[in-house]
Amino acid sequence: MTTSSLLEEAISISKQFDISKDQLVAISDEFIRLTDLGLKSDGMPMTMIPSYVTGVPNGTEKGTFLAVDLGGTNFRVCSIHLNGDGTFDLLQTKSVIPRSLMVGTAKELFSFLAKKVEEFIKTHLEEKFNEELGHSANEHIYKLGFTFSFPVNQTAINRGRLIRWTKGFDVADAVGKDVCLLLQHELDLLNLPVHVAALVNDTVGTLMSRSYSSPGESVTLLGVILGTGTNGAYTESLAAVDKLDKPTAALADKSIMVINTEWGSFDNDMKVLPRTSWDDAVDLETPNPGYQMFEKRVSGMFLGEILRRILLELHEKGHLFSRSSTPLTTAWSLDTSILSRVEADITPDLVAVKSIVETDLGLPTTLPERQAVKLIVEGIGKRSALLAGAVIGGILVHLKACQSNPVVDIGVDGSVFEFYPGYEDLMRVALRDVIGEDEKKIRIGIAKDGSGVGAALCALVA
Ligand code: ADP
């Protein structure tokens, strides 16, 4: 293939990832429509899960809390001391969950978790208490925030029944049970001075953590995850959450509630989301074709695979790479960090791209081939950021956030946002398309240690 026709083909592929202003507005409008529906009743396309968190911090909060995080292969236990000035001290331990416990009984799993909390208290907190306060840690009751990243049916801030396991867990007798009660029971058997005060989704934790550490006393309206997956949580007026039985005593004097949108599954019907043949191919490779369609265009788990699919197709047509390689032909072999590194290369000869393709794909390249790879990567990355910006814009329109706030603060966690070159700038392009000049009022910041600090803050407000 000639150099110019390879580049023309790459440009035409990249164009298939373009999204016009009109499309971004249509995406945002549809997002707002599904947001409204999800707040009204259960079983709607966007789940809009009430978190039972009814306040967000402003940075002046103080105290010491425990937090645990069960979300995948690791179990983390930490203590968080909030200093009351937007800063905190965090102490953390991490243990791998033995494979046998991921598929064993609820008793085995939750007693293991409780023992890890006991070890943490004995190692890190008892001594401190004895020294500093002259009494034992057992005389203090710790509030604990439980970050649990599996689908639960939450009915109170510290009550939630497990709907199903994901990510390789299969502890059958825990399904349908309240995971806070399972943990509390095992902590009580060990006589630990710990109260499971809040069950926390990681995106809610991100919102809380950013709100605590954001500059000044302003509160954060939106927490966003852009890592392996993508999701968003925001503060909603309690009156708008029609599907909640509000006259419960716990909610009587509350005015807001944090909502976990579960926006990864936005537009599974594909009414407005862009679609290429490579998106369809990647979707079919997943265990849940037809679901999480927004996430499959935006988050880190999928961008590398979209790129691999395109490169493989070009190679099979005889248009790219003089030979094949195992990473090129193996599903899920390209990490999304490759796209970041390719984007970052601004040398005329694309020397970094040369070494990336050599190392990660095991393939030699010509300069036109590297230029083609870069053009395609730019298309995939830009589309991800624009889509993220469009739904963030949708939430801000829904909240009329820019009309009522001089600064609108958003907290984000995840490697895609943190490391992808120019990601925030592209998100802002979509935000301008959706909300216009008000985009200038938006302040976006990283929420560090969201799951620990966020869970502690949920325990505090519980
Ligand atoms: P998690 O979401 O699992 O808590 P991260 O926020 O680190 O963890 O996100 C991991 C995802 O981010 C993976 O899909 C990975 O491919 C992607 N990723 C890791 N590093 C980068 C990077 N430098 N640029 C873009 N994506 C990255």
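# Exercises on a predicted model

Ala 233 is set opposite Asn 260 of strand 11, and this pairing, taken from a predicted model, opens the exercises below.

**Exercise 1.** Determine which strands are joined to strand 11 by bridges, and in which direction they run.

*Solution.* Begin with strand 10, residues 230–237, which is joined to strand 11 by five bridges, the two running antiparallel. Turn next to strand 1, residues 49–50, which is also antiparallel to strand 11 and is joined to it by two bridges.

**Exercise 2.** Explain why strand 11 is described as largely enclosed by the rest of the structure.

*Solution.* Strand 11 covers residues 256–260, and four of these five residues are buried, so the strand is largely enclosed by the rest of the structure. The step rests on the cut-off for a buried residue, which is 20 or more other C-beta atoms within 10 Å of its own.

**Exercise 3.** Locate Ile 97, and decide whether this residue is buried, partly exposed or exposed.

*Solution.* Ile 97 is placed in the loop that lies between strand 4 (88–96) and helix 3 (99–102). When neighbours within four places in sequence are left aside, the contacts of Ile 97 are Thr 73, Asn 74, Phe 75 and Met 102. As for Phe 112, it is 15 residues from Ile 97 in sequence, while the C-alpha to C-alpha distance between the two is 8.7 Å.

**Exercise 4.** Compare the span of helix 6 with the expected value, and state how many of its residues are buried.

*Solution.* Helix 6 comprises 12 residues, 202–213, and from its first C-alpha to its last it reaches 16 Å, which is close to the 16 Å expected at 1.5 Å a residue. The helix is mostly covered, with 12 of its 12 residues buried, among them Asp 202, Arg 210 and Tyr 212.

**Exercise 5.** Describe how the chain is divided into domains, and what the contacting side of domain 1 consists of.

*Solution.* Domain 1 is made of 1–51 together with 214–448, whereas domain 2 takes in 56–200. Their centres, taken over C-alpha atoms, are separated by 31 Å. The contact between them involves eight residues of domain 1 and five residues of domain 2. On the side of domain 1 that touches domain 2, four residues are nonpolar, three are polar and one is charged.

Key:
Residues numbered from 1 in each chain as written. Predicted model: local features only at pLDDT ≥ 70, side-chain atom pairs only at ≥ 80, totals over all residues. Helix = DSSP H or I, 4+ residues; strand = E, 2+ residues; numbered from the N terminus. Contact = placed C-beta atoms within 7 Å. Pairing = 2+ DSSP bridges. Expected span 1.5 Å × (residues − 1). Domains from an automatic or database assignment. Nonpolar A, V, L, I, M, F, W, Y, C, P; charged D, E, K, R; others polar.
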